[in-house]
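Work through the exercises below with the structure in view, and try each task before you read its solution.

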Amino acid sequence: MTQKLYYDSAYTRDWHTQITGRADKEDGKYITLAETAFYPHGGGQPCDLGRIGGIAVLDVNIEDGEVWHKVDQAPEQKEVHCEIDWERRFDHMQHHTGQHLLSAITLKLADAMTLSFHLGTEYATIDVAAELGADQLTAIEQEVNRQIYRNARISSSWVTAEEAARLPLVKQPTVTEDIRIVEMEGVEYNACGGTHVAATGEIGILKVLKTEKVKGGTRIYFKCGFRALNEFTAAQQVLNGISVKLKTSREELLDRIDKMETDQKQLLSELSTVKSTNDTYYAQELLSAREGLVIAQVFEDKSLKDMQSLATKLTEDHEGIVLFASISEAKVVLAQNGQPPEWSCGPFFKGNLGAYQGKGGGSDRMAQAGFASSEDALAFYEFTKDQLGHH
């Protein structure tokens, strides 16, 4: 059985050992070692990566107490030198310890038990069994970071089931032997097999990023240590960029954005009024120039919304059929008022769009469709116009 060095010290970065087993599994080559510091997947913590005999370790898992290392190719020699990807390992240590601390303080201040922990490449999360308010989260974050700066010692030990039962554990372990207890001095005792830093100060900082409601509670997204620093750096760069672009200080940004939104709404309102006036005049021009009951027009650059608005104006008070196409948007609009059933717009589109790779639909009075290309849109427009000619 492999000696698990990660239980003895989370700080073992490299060591010499022997290969004790080799196996070809469905997804690749695996080996076992006499001693390993490679932590396998477990407890919400991802596995370690690194190199064995200079060959990349791709995955690590545990089966029946044996640690299996998936490798690019099995080393030929029996004696090997192993190296941990330390940056990845230390990140995991910071976040696993940060999770313990965050869970302990959330339980203490909000009486909310942690239901699960996930450490991903982008975020770390815990799900807690309560809905937490903004003030509670602020108080929890402040207390967590106070405990980090207190630099409380963290140690691990092995105890029997009887000894575990006498400790103030958050919850009793499911195993009855080989119970590993992680003690965060002055904070908590927890049964845990993961890797942790030696003192809370090494977490660096814990920053709560956001929360969301999940069934029966709250999911808290957080980052620790270097990830939190990188998050702050990235946010600062974006904030500085916006401040420079808007020529204002960070403190005045929200007021500036509020003013921009107000100005934007006013401009859109004014533009809508102008468009409506223009449509009224343009509708009169189209009505006076039409032959029979059909108005057909191709626009180089007109939005679907604008075509629908103009078509509505033309059919509100006048009988007839309106057919519009937009080259830039590859869209077609058909509208009618007071026409026989065969010119119900929605059914006409449904029966004919498929031949032109068009997608759309609508009511009897108006229908609209989009096409893969402007050529397809124009082809459908010409087909419809031709059908209207026989009307």
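**Exercise 1.** Find the handedness with which α6 passes α7, and then describe how the two helices pack.

*Solution.* The crossing of α6 and α7 is right-handed, a term used when the near helix is turned clockwise from the far one by less than a right angle. This is a predicted model, in which local features need pLDDT of at least 70, side-chain atom pairs count only at pLDDT 80 or more, and totals for chains, interfaces and linings use all residues. Residues are numbered from 1 along each chain as its sequence is written, and side-chain values use heavy atoms, with hydrogens and water left out.

Next, take the geometry: α6 (residues 253–289) and α7 (residues 304–316) pack at about 55°, and their axes are 9 Å apart. Helices here are DSSP runs of H or I with at least four residues, and strands are runs of E with at least two. The two helices are therefore oblique to each other, the class left over once angles under 35 degrees (roughly parallel), over 145 (roughly antiparallel) and 65 to 115 (roughly perpendicular) are set aside.

Finally, look at the contact (heavy atoms within 4.5 Å): residues of α6 including Tyr282 and Leu286 meet residues of α7, among them Leu310 and Leu314.

**Exercise 2.** Identify the residue with which aspartate 48 forms a salt bridge, and state where both partners lie.

*Solution.* The partner of aspartate 48 is arginine 89, with the closest N and O atoms 2.6 Å apart; a salt bridge requires a side-chain nitrogen of Lys or Arg within 4 Å of a carboxyl oxygen of Asp or Glu. Because aspartate 48 lies in the loop between β4 (35–36) and β5, and arginine 89 in helix α2 (residues 86–110), the pair ties together parts that are 41 residues apart in sequence.

Notes:
Axes are lines fitted to C-alpha atoms, for helices over the stretch in contact, and angles run from 0 to 180 degrees between N-to-C directions.
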